[in-house]
Amino acid sequence: MSVLAPKIPSTPMANPRLQTHKDELSLKNLSDEVVAGHIYSKHRDDDTVKIDVNNYISFLESIFAHVDQIHEASFQGHDGRVAFSEDSYKANVTIDPPLDILQKISNKLAFKSPGTEKAHRTTLEILDILMSYPWEAKAILCLVAFGSDYGHLWHLNHHSHIDPLAKTLANIHQSASLKKHLDSFKYRQVVFSSRSLIFLCLQVIKLMNQIRLFAKFDTKEIPELASALRQIPLFTYWVIHTIVASTAEISSYLTNTEGQSQIYLNELNERLNAILNILGDYLNIFQEQLGEINLFRWLIDHIDLYPTEITLVVSKLLEGKVNAKPLINCSTLMEEKIEDALREKNVILLISGLEISNDDIRALNLMYDELKREDNYKIVWIPMINSQDFDEEARKRYELVRSTMKWYAVQYTTKIAGLRFLEEIWQVREDALMVVLDSKSKVKFSNAIHLLRVWGNNAIPFTVERANALLRKNWPESTIVKFINQPRLQSWIDQERSIIFYGGKDQNWIQRFEEKVVDIKNDRSMRDSGINFEIVPIGNNLDNNNASFMSRFWITQWGFFVVKSQLTGSSASETTEDILRLISYENENGWAILTVGSAPLLVGRGNLILRVFEDFNRWKKNLNLKGFPNAFQDYFNEMALQTHQCERVTLPGFSGWIPMIVNCPECPRFMETGINFNCCHGRNPNN
């Protein structure tokens with residue numbers, strides 16, 4: 001498909017009634033593919049010789065402005081009597097052009113016969129002359145050569161009435177012949193009009209030069225830039241081709257010979273208008289993306305690094321401007337200006353889609369009630385809705401979610417201007433993100449949703465210091481105990497008794513586990529030594545709400561692991577190994593955690609735990625010497641060395657920081673990373 005499918009211009013300079021029947025002059029045989037083949041067979045992007053394209057554009061505009069004045073005076077019968085203003089002399093633009101190059105181009109342009117084929121060959125010859133110049137420079141130099149020659153003709157014509165030398169030269173160049181055609185349609189179509197071919201060529205060059213200014217940006221920031229730059233050589237060809245064809249038309253006036261076909265000129269007009277439309281579309285996209293780039297860089301500079309009022313940061317983040325739309329107070333359903341609602345407050349930004357979980361909403365409402373007592377914090381919900389999904393169904397879902405909240409919410413139709421910042425810097429993904437900022441926009445905690453899920457209101461005020469204090473506790477206290485409905489559990493923990501927490505997806509495994517526990521507890525050696533241990537189930541597979549319960553359980557384990565890894569590093573530690581090992585058992589038939597009080601000793605896969613119980617007679621002799629927890633642990637470790645099973649950890653789509661390097665919980669190797677974290681302990685997974 002042609003990249004330049006001709007479009008009908010908004011104000012076309014074409015006259016269908018003047019068309020001829022010389023079909024052989026049509027551009028249909030010069031497709032973009034054919035032209036590109038000719039160009040790229042010899043030419044590549046080259047900026048060996050650079051020129052100031054903008055200065056050359058100004059130079060040409062000066063020439064054309066003065067020629068237009070002479071045109072107008074001649075058209076009204078006032079030859080030789082144009083009074084140029086003093087400002088026109090002061091504003092005169094000077095350039096230092098490559099005269100030899102311009103002369104060569106002028107020679108190629110001079111007195112060419114009309115027709116597409118001749119213009120095509122001449123265009124390729126001019127491109128050869130301009131081999132070492134950038135594409136926009138090739139176009140502007142060709143137009144300068146045209147403008148110099150054309151301006152010279154009208155300059156001679158203008159001064160021929162008062163200067164004998166000018167009169168003689170004008171006679172040689174036949175410049176007076178141009179006046180005869182001033183009111184002809186074709187002359188106006190070629191040069192004597194604000195929508196003429198030469199004017200369109202200058203406009204194309206301007207836009208190409210503006211496109212080139214964006215080349216300093218990464219194509220990741222402006223994805224369509226590469227496509228636009230690839231088309232610049234083709235556009236340059238058509239500019240030069242049009243200049244060649246226009247020069248031939250003007251030459252026909254001087255020599256009183258046949259000019260260009262009207263069909264040909266109409267097609268060139270359509271072609272250039274199509275190019276202008278394409279370049280204009282690109283520039284509109286680039287300008288919008290440039291705004292996004294500038295906002296992205298502003299947010300990077302002003303969030304966390306440079307003290308900035310939180311009201312300004314929130315406004316810019318939401319809409320890219322100082323005065324963003326008011327927020328909705330979900331408690332009163334009234335609108336409040338960001339300036340009034342958030343001034344001098346710590347702000348918690350809750351960023352999520354419309355599928356935020358009910359568990360998170362409940363925790364957030366409890367947090368809101370706690371924070372409201374001192375009124376130092378304000379919560380703002382930023383709903384992440386694709387602008388293409390702004391439909392009635394999404395609106396109803398938005399209003400439903402908003403109705404469950406008590407804090408501030410961004411209005412439904414707000415297209416988040418700082419989306420790139422949210423995705424690339426704060427790493428918003430599928431899951432909710434909760435960022436805590438102080439009144440000067442310094443980030444106090446970048447991923448506080450995990451603090452809330454694990455510790456609830458105990459995590460307030462959501463600072464790194466508070467998180468580190470919470471992490472100093474044994475992790476089962478934070479992630480396991482809260483899910484237990486056992487009245488005596490705290491007493492067992494205080495007495496530092498041996499406790500086995502267990503769960504799994506397979507009810508048969510759970511039943512076998514519990515039966516084995518009964519057998520061991522009833523064993524004579526256990527009764528005689530007075531040794532005992534407790535078992536505590538997590539979840540109930542017979543409960544209809546078990547899936548939701550266990551979902552919260554696993555999200556809590558993940559939350560602890562992410563926070564721990566973020567604050568202490570993602571390298572292996574005893575705590576992160578244990579909890580990651582537990583997480584890797586999420587889809588196992590069974591699993592168990594052995595603790596002494598709340599201090600974890602081991603986390604094991606169900607089949608290995610069951611095997612240790614089944615082999616009780618082999619290690620019960622160590623009970624009196626080592627005690628139950630150590631005897632169990634030693635035999636478990638011995639069996640673990642004899643078994644092999646790859647560890648797989650599927651990382652949910654959490655927002656914010658996540659560990660990209662994870663140590664295997666079973667061996668010292670790094671887990672392979674992809675969608676999953678995998679480790680086979682250095683062995684073949686098929687064995």
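The side chains of aspartate 523 and serine 525 are joined by a polar contact of 2.4 Å (an N or O pair within 3.5 Å, in which one atom must be able to donate a hydrogen and the other to accept it; residues adjacent in sequence count only if both atoms are side-chain atoms). The model is predicted, so local features need pLDDT of at least 70 and side-chain atom pairs pLDDT 80 or more, while totals for chains, interfaces and linings use all residues. Numbering runs from 1 along each chain as its sequence is written, and side-chain values use heavy atoms, with hydrogens and water left out.

Aspartate 523 sits in the loop between helix 21 (507–521) and helix 22 (524–529); helices here are DSSP runs of H or I, at least four residues, numbered from the N terminus. Leaving aside residues up to four places away in sequence, aspartate 523 touches Phe616, Asn617 and Lys620, contact being heavy atoms within 4.5 Å.

Over in helix 25 (residues 606–614) there is phenylalanine 613, which is buried too, at 2% relative accessibility. Phenylalanine 613 lies 94 residues from aspartate 519 in sequence, yet the C-alpha to C-alpha separation is 9.2 Å. Beyond four places in sequence, the residues that phenylalanine 613 touches include Ile500, Phe513 and Phe632.

Helix 25 also passes helix 28 in a right-handed crossing (the near helix is turned clockwise from the far one by less than a right angle). On the helix 25 side, the contact involves Phe613, among others, and on the helix 28 side, residues including Phe632.

Definitions and conventions:
Helix = DSSP H or I, 4+ residues; strand = E, 2+ residues; numbered from the N terminus. Buried < 20%, exposed > 50% of the residue type's maximum accessible area, 1.4 Å probe, protein only.
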